[in-house]
Amino acid sequence: HRSDFDTTGTGMMMPRALALALLMATAADAFYGVGVLPCSLKRGMPKLHLSSANLGRSAPLLRAAATSTRRASKGGLCMQWKEEQPLPYQAQWEAFQNYNTGRWKGRCIHISPETGDYTEPYIQDSTVDVWQLEEGVQSAKQRLTLGNDTAPLIEEYVLTVNDEFSCSEDGSYSLDRSFVSLPDVQGTARFAIETSIAITQDERVRCLVLYDFESKLQRILLYEEHRVTTTGAQRLIGIKVEEEESAPKKQVRGPLTLISTVGEFRGEAVGRRASRLGGGDMSFASRTSIRWDGKMLYREMQQIDERLRSGRRVTESEVESGMVQAIQLDEKYRLLFLPSGCWLCVPEKLESTAESFDLGDPSSSSQDEVTTEATGEEIARKALEEAFAPAGESDLAGMQSFVCEFGVFINDNKMVRNERLYARDGRLASTTTVFEKRSGEDGKEIRQSRNTLYDNFED
C-alpha cells in the first residue's frame with residue numbers, strides 16, 4: 001500500500017500522519033455539526049476531498065489535537081491533575097519499615113510483676129520475622145517463633161499503623177493490642193502494650209505488658225533481639241545464616257538496679273499527639289532526677305517546650321534497699337528493674353474500681369459465693385461486649401488516665417525511654433520519646449553541648 005494520500009484538486013501528496021490527523025479532525029467536525037465532503041476510494045485507500053473552508057474550520061481542532069488538550073465549554077466539567085498526597089502516618093510507617101523489617105533473633109524473658117523475678121517458662125530462644133503485607137499498605141505481619149526448630153511455638157499478628165501506633169525517626173515504636181494470646185502464656189490477655197526501643201542499628205529491646213480480664217497487671221515479657229544480616233545469595237541457596245561457632249558474640253547488658261539509676265539526666269524529647277485530638281509533633285527539653293537517701297526514693301521528671309511552658313511530675317516511695325527489683329509507687333504504679341539495663345513503670349490496675357454483678361436473689365445464703373466465682377466470667381463477657389461496641393460506647397468502668405513508661409540504660413550514662421499517655425476513655429492520647437544523658441557537675445557539660453533551655457529548669 002502507498003504511504004501517502006493523493007488529495008483531489010491539488011495534486012499534492014500528503015504524509016500519512018498528517019492525513020490521519022485530518023481524518024480525526026473531520027470526524028470531530030462531524031461530531032460538532034460541521035459539514036464534511038464525502039470520501040471516495042482509490043486503489044483501496046481512502047481519498048479525502050477537502051475544501052479550503054473545511055481546512056480552515058479544522059485548523060483549530062488540529063492544534064487542539066496536537067497539544068492533546070481541549071478547553072472545556074462554559075459550564076462543563078474541567079479535570080485537572082492533583083499532586084499525590086502522602087498516606088496518613090506515612091513518616092511513621094517509613095521509619096518503622098526502614099528499621100524493623102527483616103529477621104531478629106534473641107531471647108524472651110518472662111518476668112513476674114509482683115516480685116520482678118523470672119517466672120515460668122523463664123527464658124526461651126526467639127526469632128521474629130517482620131515483613132510488609134503488600135506494596136502501598138501501611139501494615140506489616142510479625143511472626144514470633146519460640147523454642148527449637150523441632151517443636152516451635154509460633155504466634156502471628158498484623159501490625160497496622162493507626163492512631164494507637166507511634167514510631168520515632170530511629171525506629172523505636174509502641175502500640176497496644178486487645179485480646180492477645182501468646183503460645184507460651186496461659187490464657188488470653190485483655191489488653192497488651194508493646195514498646196520497642198532501638199539501641200543500635202542492629203540491636204533493639206522490646207517489652208510486652210499484659211493485663212488480664214480484671215484489668216490487673218498479669219505478666220511482663222522482655223525480648224532482647226539482634227538483627228540477622230544475610231545476603232541475597234545465601235537466602236536463595238538456603239545457607240544457614242548464623243552458625244554458633246562463626247557468629248560474633250552479642251554483648252548483653254546486665255540487670256538494672258536502683259543504685260545505677262540514681263543521678264540527674266538531661267536531654268531532649270519528642271512528643272506526638274494522637275490524630276483524633278488534633279495531631280502534631282513537639283520537641284522540648286527534658287530533665288530527670290532520681291534520688292535515694294537510703295529510705296525514700298524520689299523520681300522527678302520535668303519538661304519545657306519552646307514557649308517555656310513547663311510540666312513536672314514527682315513520685316516518691318519508701319525503699320530500704322538499693323537491690324530491690326520491684327517498687328510500689330503512689331499506691332498505683334509498679335516500678336520494676338529488668339534485665340538488659342531496662343526498667344518499666346506501669347499501673348498495677350487499669351480500672352480504679354471493680355464492678356459488682358447481681359446474679360441472683362440477694363437474700364440467698366449462697367449468693368456471696370456464687371458472685372465471687374462468676375465475677376471473672378462476667379468481667380470477661382463485659383470486656384468482649386465493649387471491644388465490639390461502636391466507637392464512643394466502649395468506655396471502661398472507673399477508668400483513670402495513666403502512663404506506661406519503658407526505658408533502657410545504655411553504657412550507664414545514656415538512657416532512652418518511651419512514655420504512652422492514655423486518657424480516661426482508655427485510648428492513647430500522646431506518646432513521648434526521651435533521649436537523655438547523665439549530666440556532669442551542675443549539668444555544665446550538657447548545657448554547653450546542647451542549645452536548649454535547661455537554665456529554666458527548677459532545682
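In this predicted model, helix α3, spanning residues 90-100, has as its buried residues Gln92, Trp93, Ala95, Phe96, Tyr99 and Asn100. These residues lie on the same side of α3, because the arc they cover around the axis is only 165°. Ala91 and Asn98, in contrast, are exposed on the other side of the helix. After α3 comes Gly102, which has a positive phi, near 125°.

Asp184 sits between β10 (173-181) and β11 (188-200). Asp184 is buried, yet it forms no salt bridge. The nearest side chain of opposite charge belongs to Arg219, at 6.6 Å, and a salt bridge would need the charged atoms within 4 Å. What the side chain of Asp184 does have is a polar contact with the side chain of Gln124, at 3.3 Å. Leaving aside residues up to four places away in sequence, Asp184 touches Cys108, His110, Pro121, Gln124, Leu146, Leu153, Arg219 and Leu221.

Finally, a word on the cysteines. The structure contains zero disulfides. Cys207 is accordingly in no disulfide, and its nearest cysteine sulfur is that of Cys404, 7.1 Å away. Seen from the other partner, the closest cysteine sulfur to that of Cys404 is in Cys207, and the 7.1 Å between them is too far for a bond, given that a disulfide requires sulfur atoms within 2.5 Å.

Note on methods
Residues are numbered from 1 along each chain as its sequence is written. This is a predicted model: local features need pLDDT of at least 70, side-chain atom pairs count only at pLDDT 80 or more; totals for chains, interfaces and linings use all residues. Side-chain values use heavy atoms; hydrogens and water are left out. Helices (H or I, at least four residues) and strands (E, at least two) are DSSP runs, numbered from the N terminus. Buried means under 20% relative accessible area, exposed over 50%, partly exposed in between (1.4 Å probe, protein chains only). Lys and Arg count as positive and Asp and Glu as negative; His and the chain ends are not counted. A polar contact is a pair of N or O atoms within 3.5 Å; within protein, one must be able to donate a hydrogen and the other to accept it, and residues adjacent in sequence count only if both atoms are side-chain atoms. Contact means heavy atoms within 4.5 Å. The arc is that of the directions from the helix axis to the C-beta atoms.
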